[in-house]
There are 2 protein chains.
Amino acid sequence: MAAKDIIRLVHEADPRGIARAISLIEDQADCTAELLQGLDQERIGASFVLGITGPPGVGKSTLTAGLVQLLRVQKQRVGIIAVDPSSPVSGGALLGDRIRMMNHALDREVVVRSMATRGKLGGICAAAGAAVRVLAASGCRTVIIETVGVGQSEMDIIRLADVSVMVLAPGFGDDIQAMKAGVLEVADLIAVNKADRPGVEKLRVDLGFIFKNDAEKQRRLLQTIATENKGLDALLQSIQEMEQQYRRDGTLYARRRRSSSLEALDWALELLRPRLIHLIERLDEDIEPRLAAEQIIRQLELDGK
Amino acid sequence: MAAKDIIRLVHEADPRGIARAISLIEDQADCTAELLQGLDQERIGASFVLGITGPPGVGKSTLTAGLVQLLRVQKQRVGIIAVDPSSPVSGGALLGDRIRMMNHALDREVVVRSMATRGKLGGICAAAGAAVRVLAASGCRTVIIETVGVGQSEMDIIRLADVSVMVLAPGFGDDIQAMKAGVLEVADLIAVNKADRPGVEKLRVDLGFIFKNDAEKQRRLLQTIATENKGLDALLQSIQEMEQQYRRDGTLYARRRRSSSLEALDWALELLRPRLIHLIERLDEDIEPRLAAEQIIRQLELDGK
């Protein structure tokens, strides 16, 4: 199928067309640039990208499913990109399956796509960023990027979002300590989920301590009990108010620009990777790795430019 | 200080010289290649690189401290590289601090170095791999790379090791499910720590199920209670038997080659990154990211070679 036919199917919200488009992007097909350039830029500009992250076990999938339900009440078509960087070898992606199973399996206006890193070092930002635009171009007003964990790759993915939510839960104190304030600062909102569980007070005290000098951030702490749909209305309201504010004050535009740059860099590294590997394989096997790197870059004739 | 002076200090096991060398590598100083090339290759070849990973909270630091104690009984000088990919923004690295605090703070024959990813996408494999060689060249017979988590970056770091141990503990069932067999397969040995806690039977059943067709792997499951020093002798014995076997059958040589290639690729990407970013910044701001990537690679005059 030609790129322009796939683009047409995406714009018609055809599920197989959408799936096909994202697969071609993931496989870095030759038509990738043509396909992405042909997408409806107006729809992409009007769409809203929400990032959801947090450690495993805090209830992200339930919370996401709850938010999707509320967005459906608002008559929005919703896209979900579930990125699972914790499955490098198997390439499995449980997250999307879980969301799919939950509520929206038969709802054609909810599009779920799972992505795993498949043992590759990079490229997930590039593929996830491009997939977001495919879903937006298919008419999704809100596209949710959900990712498990609080590591480097998760944070890079979250930086693709217009607004991001970090989900935490009682009993994950060690994780909070390990995350420190830094990772938490990347998120615009923090949802303390499972707020009926023991330990919620301790978690609030810990977070209050981390944000002790940041009254703005303290206001952005919300409590939810996703399994009972509690607090999700207020969370979605905060998210959408933040979207409006960010559209007005230029934050959203600045973030889109930054995320485009991140994605372009990620694509460039992906395009270079096979050439670099090829050059490395041709080197003497006992060469010092750093020197090997300098040599292959010289071989690429990059030096002196 | 000239590279040759720093190399001399490393070979004399001077703590400040070692710290200086690793800092220069992390900062990608101009002398990086010269410094690494000057290291005692015989010591590096004779050294043994042990990887330890697992989800947060399973007791990796306690287990590592216990193994270090046993290695000290064997009169080995020991190096530890503690990599903490979960602190991207703050750049903090709690792990090394914890290990340092435990037992060996005053023992000059135990060298601990912490590394964090500092918000950069890549480069941690390169820096960690090079730091391992610095510690080996300073006379460490065993160098331990410890890393938190089971994500992509952790697995890449673990691939730098000659032998690797995945530490698990009861109550981390969800994580195991998320990891699937894939991530577990990367590890040579699996230590079920906190083996006195409730849930250890369920964990063993889960692992047994994952490895149901892999009798070899089942034999590699060990139980430990690191806080009571239980099972650590047997674990170290298995590790060292595996080292000997891998030296005999060529596995160790093959792994070192693979890890050199990984490190060379990582260095090359690090060296290219600032140039790519510079080129991206000069592009039209509304350009499609994938197209931007193709354009800057053309600008690098890489095409057609």
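**Salt bridges and a parallel sheet**

Author: In this predicted model, the side chains of B:Arg257 and A:Glu285 meet in a salt bridge, 3.0 Å from N to O.

Reader: Where do B:Arg257 and A:Glu285 lie?

Author: B:Arg257 lies in helix 13 (residues 251-281) of chain B, and A:Glu285 lies in the loop between helix 13 and helix 14 (289-299) of chain A, so the pair joins two chains.

Reader: What is the relative accessible area of B:Arg257, and what is that of A:Glu285?

Author: B:Arg257 has a relative accessible area of 30% and is partly exposed. A:Glu285 is partly exposed as well, with a value of 37%.

Reader: How many salt bridges are there over all chains?

Author: The count comes to 34 salt bridges over all chains. One of them is formed by A:Glu263 with A:Arg133, whose closest N and O atoms are 2.6 Å apart. A:Glu263 belongs to helix 13 (residues 251-281) of chain A and A:Arg133 to helix 7 (residues 124-137) of chain A, so this pair ties together parts that are 130 residues apart in sequence.

Reader: Is A:Glu263 buried or exposed? And A:Arg133, buried or exposed?

Author: A:Glu263 is buried, at 1% relative accessible area. A:Arg133 is buried too, at 12%.

Reader: Which residues are linked in a network of salt bridges?

Author: Such a network links A:Lys4, A:Asp5, A:Arg8 and A:Glu12. Within this group, the side chains of A:Asp5 and A:Lys4 meet in a salt bridge of 3.9 Å, N to O. A:Asp5 counts as partly exposed, because its relative accessibility is 24%. A:Lys4, at 59% relative accessibility, counts as exposed.

Reader: Turning to chain B, in what order do the strands form the open sheet?

Author: Seven strands of chain B form an open sheet in the order 3-2-4-1-5-6-7, and the pairing is parallel. Strand 3 and strand 7 (221-223) of chain B stand at the edges with a single partner strand each, so one side of each has no neighbour in the sheet. From one strand to the next, the twist averages 20°.

Reader: How many residues of strand 3 of chain B are buried?

Author: Seven of the seven residues of strand 3 (residues 110-116) of chain B are buried, so the strand is largely enclosed by the rest of the structure. Both of its faces are covered: B:Val110, B:Val112, B:Ser114 and B:Ala116 lie on one side, with B:Val111, B:Arg113 and B:Met115 on the other.

Reader: How many bridges join strand 2 of chain B to strand 3 of chain B?

Author: Strand 2 (residues 78-84) of chain B runs parallel to strand 3 of chain B, and seven bridges join the two. Strand 2 of chain B also pairs with strand 4 (residues 142-147) of chain B, in the parallel sense over six bridges.

Reader: What stands opposite B:Ile81 in strand 3 of chain B, and what in strand 4 of chain B?

Author: In strand 3 of chain B, B:Arg113 stands opposite B:Ile81. In strand 4 of chain B, B:Ile145 takes that place.

Reader: And helix 5 of chain B: how far apart are its end C-alpha atoms?

Author: The end C-alpha atoms of helix 5 (residues 60-73) of chain B are 20 Å apart.

Reader: Which residues of helix 5 of chain B are buried?

Author: The buried residues include B:Lys60, B:Leu63, B:Leu67 and B:Leu71. Just after helix 5 of chain B, B:Lys75 takes a positive phi of about 65°.

Methods:
Residues are numbered from 1 along each chain as its sequence is written. Chains are lettered from A and ligands numbered from 1 in the order in which they are written. This is a predicted model: local features need pLDDT of at least 70, side-chain atom pairs count only at pLDDT 80 or more; totals for chains, interfaces and linings use all residues. Side-chain values use heavy atoms; hydrogens and water are left out. Buried means under 20% relative accessible area, exposed over 50%, partly exposed in between (1.4 Å probe, protein chains only). Helices (H or I, at least four residues) and strands (E, at least two) are DSSP runs, numbered from the N terminus. Two strands pair if DSSP finds at least two bridges between them. A salt bridge is a side-chain nitrogen of Lys or Arg within 4 Å of a carboxyl oxygen of Asp or Glu. Axes are lines fitted to C-alpha atoms, for helices over the stretch in contact, and angles run from 0 to 180 degrees between N-to-C directions. The expected span of a helix is 1.5 Å times one less than its number of residues.
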